[in-house]
Amino acid sequence: MTATTTSAAVRVPRRPRGFAAWRWELLRGVSGRTLEIGCGWGHNFAHYPAEAAVLALDVEPARVRAAAGRRARPTLLVADAHDLPWPDGAFAAVVGTLVFCSLSQPAVALAEIRRVLQPGGRLFLLEHVRSHRSGLARLQDWLAPAWRRVTGGCNLNRDTEAAVRAAGFELERRQAAYGGMLELMVAVPR
Ligand SMILES: C[S@@+](CC[C@H](N)C(=O)[O-])C[C@H]1O[C@@H](n2cnc3c(N)ncnc32)[C@H](O)[C@@H]1O
């Protein structure tokens, strides 16, 4: 875990190197009751600020078990992002990283996320997406079917930003990298 102790109780994550810096950049703005969907093996956990009270879910029990082995871990559960077991307005923030590429019904999950967000709550996403550069996007489209088979369901060419807007969110922050194939988004319900 990349962290330093500034007092007896508060651990402040430091900016890490490599791809983890993107996770840190996304998560440093998160606070309050937070839901992470599709947490996988728990690669985000070390990057949450102390102000975030995190619950994390994944639909795969084996991944939740693996994530439970991390030193810095939130409350974990097995659940489906398409059918969130919480009442309306339960969270101040919802986080997803590299997860919208593999959801079978992104619009359904976004409607659920919108439902469980409090008024003024925020959606924090870091997603690999279809590039806005036409040459790269065509290459992604061409590779997508084989990629989906090899990875067991990961979609290389989803326009997640468009899906987020169509679900009734507006983007408060957007940062793209790797030729537009990676997007950091912070969105609020309109
Ligand atoms: C590529 S992994 C990313 C894991 C993690 N978010 C990260 O950044 O390393 C995508 C994860 O989404 C999970 N997932 C796929 N469909 C899901 C669903 N319907 N509900 C919850 N999690 C789901 C998968 O089990 C997998 O762990």
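Q: Is Arg63 buried, exposed or partly exposed, and what's its relative accessibility?
A: Arg63 counts as partly exposed because its relative accessibility is 34%. Buried means under 20% relative accessible area, exposed means over 50%, and partly exposed is in between (1.4 Å probe, protein chains only). This is a predicted model, where local features need pLDDT of at least 70, side-chain atom pairs count only at pLDDT 80 or more, and totals for chains, interfaces and linings use all residues. Residues are numbered from 1 along each chain as its sequence is written, and side-chain values use heavy atoms, leaving out hydrogens and water.

Q: Where does Arg63 lie, and what does it touch?
A: Arg63 is in helix H2, residues 61–67. Helices (H or I, at least four residues) and strands (E, at least two) are DSSP runs, numbered from the N terminus. Not counting residues up to four places away in sequence, Arg63 touches Gly40, Trp41 and Asp58, where contact means heavy atoms within 4.5 Å.

Q: Switching to H1, why is that helix largely enclosed?
A: Seven of the eight residues of H1 (residues 20–27) are buried, so the rest of the structure largely encloses it. Among the buried ones are Trp22, Trp24 and Leu26.

Q: And which residues touch the most other members in the largest nonpolar core?
A: Leu35, Ile37, Trp86, Phe100, Ile113 and Leu123 do, out of 26 residues. A nonpolar core is a set of buried Ala, Val, Leu, Ile, Met, Phe, Trp, Tyr and Cys residues joined through side-chain atoms within 4.5 Å.

Q: Which element gives the most to this core?
A: H3 does, with four residues.
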